[in-house]
Amino acid sequence: MSHVGPCKLCGVDSILRLSHILPAFAIRWLRESSGGGHIRVSSSPNVRIQDGLKLYWLCDSCEDLLGKTETAFSNKLFYPYTERIQSEFRYENWLLHFCVSLSWRVLEYHRVNTTLEGYSHEEIKQIDKARTVWKEFLQGKRPHPGVYRQHLIPFEEIRSFTFPVEDVSPWIHRYLLRAIDMDLLRGKTTNVVYSKLGRFIILGFIREDHPSRWQGAQVRAKKGTIEPRNYKLPIQFFRYINERANKITRAMLDISPRQQAKIDESLRENKERFIASDQFLAMQSDAQLFGIAAFDAGFPLGDQDG
């Protein structure tokens, strides 16, 4: 059955394609690199899924427009970085276009599906302005998104902390290196669209009264470099990430005995594949920091949360 209506991006009445909110390649990578071939989401951990959230949003032209820079991000940065093919990456205007497209999609999803309950009139005005600017940038009507900038933060294994390790989630690597996630962050002086694709966090800023708190991660309009460097980020942001990792832990405690048995069976059948997987690498990193505490919560070994 065809779905006809106004395209979310260009506004033209069209036959709408079923569009991913978070990129399909990231969901596919999560599944294929889990070691067991299955993924679950924290909102319904007893159900295995094969794909991410999709909605009838875009016309063919706009789907293809966003798909071009999504493919560039996947091929030129996501996979080479994740597979450690290289450590320094030069990018051009495709990276900012991809980051804006991701922030716009996540913002649009929350705007439509949560109705921004609890947000003030002024906050909603700012959100609508960011949404408009991002749409215009994606359509080539603006050379850059202005104050509604994008930051990209790549992650590797954590070797040490400057604060007590007991304050850190024993699932931190499985979240930082593996999870697929999206959210809207809201503080007294900050409103940010949060998107996470494996080892990458992408932030779309709607409001930030103290931009100097964030240094080293801004994506440039024309070209730049992603390479090992020191990033300055607010401590509140790490606490947020830490809580997202704990959220996965709490959700996975709800897995039923029947589903746990399925996971155990899959692990036995795919033991060698699992040991060679990216999921196992993330678990090893948690085990090196936290020892047995990394497994105390009963997290299933063979399935990956998204």
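**Cysteines, cores and confidence**

In this predicted model, the count of disulfides comes to zero, taking a disulfide as a pair of cysteine sulfur atoms within 2.5 Å. Cys59 takes part in no disulfide, and the cysteine sulfur nearest to its own, that of Cys62, is 3.7 Å away.

From here one can turn to the nonpolar interior. In soluble globular proteins, nonpolar side chains tend to be buried together. The largest nonpolar core in this model holds 53 residues, of which Phe73, Leu77, Leu95, Trp134, Leu152 and Leu197 touch the most other members. Helix α3, spanning residues 93–113, supplies the largest share of this core, with 10 residues. Apart from this core lies another, of 28 residues, which include Tyr175, Phe238, Ile241 and Ala245.

Which residues does Trp134 touch, if those up to four places away in sequence are not counted? Among them are Val100, Ser103, Trp104 and Leu107, together with Pro145, Tyr148, Gln150, Val193, Gly204, Phe205 and Ile206.

As for confidence, the chain has a mean pLDDT of 87, and 88% of its residues reach 70 or more. Over residues 298–302, however, the pLDDT is below 50, although this stretch has 21 contacts in the model beyond near neighbours in sequence. Where pLDDT is low, the predicted coordinates should not be read in detail.

Definitions and conventions
Residues numbered from 1 in each chain as written. Predicted model: local features only at pLDDT ≥ 70, side-chain atom pairs only at ≥ 80, totals over all residues. Heavy atoms only, no water. Core = buried A, V, L, I, M, F, W, Y, C linked by side-chain atoms within 4.5 Å. Buried < 20%, exposed > 50% of the residue type's maximum accessible area, 1.4 Å probe, protein only. Helix = DSSP H or I, 4+ residues; strand = E, 2+ residues; numbered from the N terminus. Contact = heavy atoms within 4.5 Å. pLDDT = per-residue confidence, 0-100.
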